[in-house]
Amino acid sequence: MRSADTKTAGEEKSAISYDRMKEQIEKELFTFFEKAAPAESVQPHISFEKGTTRIAFSSQPITDKMLVDFLLLIKQHIAHVRVHGFDSGYYAFQALNANMFKTENVLDNFKVEFFGLSSSSRVEISKKGSLTQEEVNLVIELYKRANSSERQNPAIRLKALGATIVPPDNNLNWDYIAGYDEVKRKIRESIILPLKNPALYDSIARMTRKVFESNRPRAILFDGAPGVGKTTAARIIANESEISLVYVPIESIMSKWYGQSSQNLSQIFDACEDLGDAIIFLDEIDSLAGSRDQQMFEATRRVLSVLLRRLDGIDAAASTVTIGATNRKDDLDHALISRFDQTIYFPMPNAAERAAIFSNYARHLSEDECSHLGERSDNLTGRNIKDICEFTERRWARNVLVKKAEPSAPSFDFYRQTLRMWKEMK
Ligand SMILES: Nc1ncnc2c1ncn2[C@@H]1O[C@H](COP(=O)(O)OP(=O)(O)OP(=O)(O)O)[C@@H](O)[C@H]1O
Ligand SMILES: [Mg+2]
């Protein structure tokens, strides 16, 4: 037995058994493998021989920056460490005793060695006896750091998590959405102005608040029937404010990552934060619907709880704005609704708006013709009208081909007919 003062700093916390350590590391890494590990990374090799615990794993090529990261990680978990560097490409970090000046048995203490000599880099960890919980945590973090060069790239991480960064589309601006002046005004005031002038909003908050906190919106809910332009509006906001739009289809995340969806959602938020400014668009937020009193699946409940925390001040990223979209606000959890600073309701288009939507997709028609179609398309959404116009064009094109005529735009009558057919079909 070593005497008390030759124990490593932190060894007061009791060591955990080899089996439990192995199980913990494997469990953690299993999750990591599923999500973030590059395809070529391999499981660590864990063994206990001649009273020494050894853990070895390969690493992405070890760069100077990674070494510094490793050192910082090690320092977070171990009080005193000594660094050896022999040849270039070999570094060892050796934990010292609680009394740093006693060197007795110091080589039995927790040690991490980095071999970066050749193209294949490797990390080896060893210690006489068992690891403490703190040391196990460190091993897991070292492994993740060593095997996730991709962590650097939030776009790749987002893709692996089932989210997409929507590329900007310069053709898409507010003219694309016909009507909806009130919705556009609200969006401009509550989202676009703050996103474009963050300094102004902050300086006002500095003058008013006892304790500074941002007055910028963190989360806005878009509520409205399917096809009324919610997703399109989010894309226009991203274009206008020149901020990346990260599209997160909640429903497919939930099914794709069954059982792990809550961690994934957390990681999506983390990746967005690393991206710098970002608009997170949580689509189909209804898939989390159902009040908490009703029976709710465990996964849904956990995803919801991550979302509640992320949308709250505490865990929320400073530079991201979240937009949630729902078709059924009334069914959403009340705690969730309350996290949104504001709801913007997208109504069904009225007759004048429907006429305007027709004129967006059939600009060759006269105002009267569009009004006529607008009046006869009660209860149709922008999506329905767009579909009707596309359908008309395809029918017309077939006609042109059959008649071997010169290309032309469909006649008003064709639109009227298609609209009638559409209504009969539904
Ligand atoms: N007012 C409008 N003017 C022009 N086009 C519109 C309008 N409203 C909807 N559209 C068109 O309808 C299509 C569907 O819109 P969008 O996907 O934005 O709807 P959504 O509200 O997100 O629907 P969902 O709830 O099903 O996701 C888009 O192509 C959009 O351009
Ligand atoms: Mg949508």
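Residues are numbered from 1 along each chain as its sequence is written, and chains are lettered from A and ligands numbered from 1 in the order in which they are written. Because the model is predicted, local features need pLDDT of at least 70 and side-chain atom pairs count only at pLDDT 80 or more, while totals for chains, interfaces and linings use all residues; side-chain values use heavy atoms, with hydrogens and water left out.

The protein chain has 15 helices and 12 strands. Helices here are DSSP runs of H or I with at least four residues, strands are runs of E with at least two, and both are numbered from the N terminus. Of the 426 residues, 44% are buried, meaning under 20% relative accessible area with a 1.4 Å probe, protein chains only (exposed is over 50%, partly exposed in between). Take the contacts between residues at least 6 apart in sequence: 71% of them join residues at least 24 apart. Contact means heavy atoms within 4.5 Å.

Now for the sheets. One is an open sheet of six strands in the order S1-S2-S6-S5-S4-S3, with antiparallel pairing; two strands pair if DSSP finds at least two bridges between them. Strand S1 (45–49) and strand S3 (81–85) sit at the edges with a single partner strand each, so one side of each has no neighbour in the sheet. On average, neighbouring strands here are turned by 15° against each other, direction ignored. Inside this sheet, S2 (residues 52–59) and S6 (residues 121–128) pair in the antiparallel sense over seven bridges, and Arg-54 has Ser-126 in S6 as its bridge partner. Helix H3 packs on the sheet, touching S2, S5 (111–115) and S6, and its direction makes about 15° with that of S2. Axes are lines fitted to C-alpha atoms, for helices over the stretch in contact, and angles run from 0 to 180 degrees between N-to-C directions.

H3 has a helical partner too. The axes of H2 (residues 64–77) and H3 (residues 133–146) come within 10 Å and cross at roughly 165°.

S10 (residues 278–283) and S11 (residues 320–326) pair in the parallel sense over five bridges.

Finally, zoom in on Thr-320, found in S11. Thr-320 is the bridge partner of Ala-278. With 6% relative accessibility, Thr-320 counts as buried. Leaving out residues up to four places away in sequence, Thr-320 touches Arg-218, Cys-272, Glu-273, Gly-276, Ala-278 and Ile-280.
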